[in-house]
Amino acid sequence: MSKAGLVSPRGRAPALSDLGERDGLIARQRLPRPRRWRRLGRALTLTCCGLLVLAVQAAGVAWLLTTEHFAVRMVEVRGASRVSPDGILAAAGIAAGTNLWRLDRATVTARVESLPEVRRAELIRELPDRVVILVEERRPFTLVHGTRLHWVDEEGRALGEAREAVAPPAPVISGLTEEELAAMRTRPSPRARAAIALIRALLRSGSPLASQISEIDMSRRDGPVLYTDSGIEVRLGHEEWEQRLARLEGVLAQVGSQETAVSAIDLRYQDQVILKKGGRG
């Protein structure tokens with residue numbers, strides 16, 4: 001600044017006044033000491049209350065998991081008609097006196113559902129000391145003929161040996177190996193699933209054909225072979241079953257109106273029907 005009071009770049013910089021003095025700007029922003037202590041005390045009080053609540057909750061959970069009040073004294077099985085309740089209780093493995101809240105629902109239901117006859121299981125806790133195991137059983141769908149007859153459900157799962165003479169509601173499946181029969185208790189083979197799919201296609205058609213087929217042989221490499229209740233052998237091939245079954249219904253009606261006996265019908269070829277005349281075989 002020049003002596004005349006003019007501002008010049010070559011002059012000395014003027015002294016600046018201190019606008020950040022404490023009295024003018026920040027002195028009033030400081031909290032009084034008693035007020036800070038009150039805030040600190042309030043924070044400590046809230047912390048202690050939170051810890052106390054957590055301690056009470058932990059003590060409550062420990063009491064629920066150990067008290068005799070919730071010890072299991074009765075296990076009931078509902079929904080079972082073909083599987084004995086004792087078998088289901090044995091599979092569930094719930095020991096008397098087990099705390100109701102310590103039961104692992106997923107583990108217990110998985111053990112019950114491991115029984116071949118059980119499709120689905122559910123565990124219900126009834127306070128204070130009762131457990132209900134609700135089961136949905138697999139329903140017999142048709143029979144599989146091995147060395148003996150075995151019931152299977154709609155998913156192809158084996159349900160056990162047929163101990164009494166029965167009229168199956170669907171064609172009997174044959175031609176499966178002993179290994180395939182054993183695997184059907186847990187995981188049906190592709191040929192077993194194919195046989196079930198073919199029976200479903202028959203039933204979906206809603207035609208009298210479903211009642212005319214008595215057996216489905218899955219042992220042939222060129223596809224399943226059907227046998228009618230009059231002994232006629234029918235070859236379908238591996239594909240287009242619904243279309244070929246519809247064609248078979250018409251062919252059987254035509255064969256039944258003729259005097260010449262037919263022992264076999266071959267539908268494996270497109271737009272072609274091959275008839276074998278004569279007795280079966």
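A residue counts as buried under 20% relative accessible area, as exposed over 50%, and as partly exposed in between. Keep that handy for this tour of a predicted model.

Stop 1: Together the 3 strands make an open, mixed sheet in the order β1-β3-β2. For a close-up, pick Val 77 and its bridge partner in β3, Ile 133.

**Stop 2: the helices on the sheet.** Now show 85–92: this is helix α3, packed on the sheet and touching β1 and β3. Helix α4, residues 105–113, lies across β2 and β3, at about 145 degrees to β2.

**Stop 3: salt bridges.** There are 21 of them in the structure. Start with Glu 137 and Arg 82, whose closest N and O atoms are 3.9 Å apart. Glu 137 sits in strand β3 and Arg 82 in the loop between β1 and α3, 55 residues apart. Glu 137 is buried at 9%, while Arg 82 is partly exposed at 47%.

Next, select Glu 180 and Arg 191, which meet at 2.6 Å, N to O. They connect helix α5 with helix α6. Arg 191 has 27% relative accessibility, so it counts as partly exposed; Glu 180, at 12%, counts as buried.

Then move to Glu 242 and Arg 204, another salt bridge, at 2.7 Å. Because Glu 242 lies in helix α8 and Arg 204 in helix α6, this pair ties together parts 38 residues apart in sequence.

**Last stop.** Select Asp 217, Arg 220, Asp 222, Glu 233, Arg 235, Asp 266 and Arg 268 to see a network of salt bridges.

Technical notes:
Residues are numbered from 1 along each chain as its sequence is written. This is a predicted model: local features need pLDDT of at least 70, side-chain atom pairs count only at pLDDT 80 or more; totals for chains, interfaces and linings use all residues. Side-chain values use heavy atoms; hydrogens and water are left out. Two strands pair if DSSP finds at least two bridges between them. Helices (H or I, at least four residues) and strands (E, at least two) are DSSP runs, numbered from the N terminus. Contact means heavy atoms within 4.5 Å. Axes are lines fitted to C-alpha atoms, for helices over the stretch in contact, and angles run from 0 to 180 degrees between N-to-C directions. A salt bridge is a side-chain nitrogen of Lys or Arg within 4 Å of a carboxyl oxygen of Asp or Glu. Buried means under 20% relative accessible area, exposed over 50%, partly exposed in between (1.4 Å probe, protein chains only).
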